[in-house]
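Hello,

Here is the structure we spoke about handing over. My notes on what was found follow below it.

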Amino acid sequence: MVRFIVVAVVAAVAFMVYAVIDCATMPRPRVRSLNKAVWVLLIVVLPVLGGLLWFVLGRAPASRAPASRYLGPDDDPDFLGATHHGMAASEKEQSDATIRNLEQQLAEPDDDAGAGPRRP
């Protein structure tokens, strides 16, 4: 019987400590009905009952809305589209033509490459 009482007291203290820490670290928008300080006081004064009241009445459920997360530039459609949003159609065509011209110049073989060293 003594062993049961010791186990029950340890479990009640552990539950009370968990409830106090949970209440103290809970964001303010998720605390219902009373102030956080009053909830902590209730948990300490009424160890098991205060903890149960906190978990049943004091905690608001977490919102189902997904938390906004950071999007890297390669995942952000606004960033990816921003490279051509500010360009007019003619500027884009001119840019594409310049790139095609440079690619053709790079693809042509060099006349100097196979000639070897020149002698004066």
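**Helix 1 against helix 2**

Met-16, Ala-19, Val-20, Cys-23 and Ala-24 in helix 1 are in contact with Lys-36, Trp-39, Val-40, Ile-43 and Val-44 in helix 2. By type, the residues of this contact are nine nonpolar, no polar and one charged. Please keep in mind that the model is a predicted one.

Two packed helices are described by the angle between their axes and the distance between the axes. Here helix 1 covers residues 2-25 and helix 2 covers residues 36-45. Their axes are 9 Å apart, and the packing angle is about 180°. Angles over 145 degrees count as roughly antiparallel, and helix 1 and helix 2 are therefore roughly antiparallel to each other.

**Ile-43**

One residue of that contact can be followed further. Ile-43 lies in helix 2. Is Ile-43 buried or exposed? Its relative accessibility is 0%, so Ile-43 counts as buried.

What does Ile-43 touch, leaving aside its neighbours within four places in sequence? The contacts of Ile-43 are then Met-16, Ala-19, Val-20, Cys-23, Gly-50, Gly-51 and Trp-54. As a separate distance, Ile-43 and Leu-53 are 8.2 Å apart in space, C-alpha to C-alpha, and 10 residues apart in sequence.

**Aromatic pairs**

A search of the whole structure turns up three aromatic pairs. One of them is formed by Phe-15 and Phe-55, with 5.7 Å from centre to centre and 40° between the planes, and is tilted. Phe-15 belongs to helix 1 and Phe-55 to helix 3 (residues 47-58), so this pair ties together parts that are 40 residues apart in sequence.

Why does the pair of Tyr-18 and Phe-55 count as stacked? The ring planes of Tyr-18 and Phe-55 are at 15°, with the centres 5.8 Å apart, so the pair is stacked; the cut-off for stacked is planes under 30 degrees apart. Tyr-18 lies in helix 1 and Phe-55 in helix 3, so the pair ties together parts that are 37 residues apart in sequence.

Phe-15, Tyr-18 and Phe-55 form one aromatic cluster.

Regards

How values were computed
Residues numbered from 1 in each chain as written. Predicted model: local features only at pLDDT ≥ 70, side-chain atom pairs only at ≥ 80, totals over all residues. Heavy atoms only, no water. Axes fitted to C-alpha atoms, helices over the stretch in contact; angles between N-to-C directions. Helix = DSSP H or I, 4+ residues; strand = E, 2+ residues; numbered from the N terminus. Parallel < 35°, antiparallel > 145°, perpendicular 65-115°, else oblique. Contact = heavy atoms within 4.5 Å. Nonpolar A, V, L, I, M, F, W, Y, C, P; charged D, E, K, R; others polar. Phe/Tyr/Trp six-rings, centres within 6.5 Å; stacked < 30°, edge-to-face > 60°. Buried < 20%, exposed > 50% of the residue type's maximum accessible area, 1.4 Å probe, protein only.
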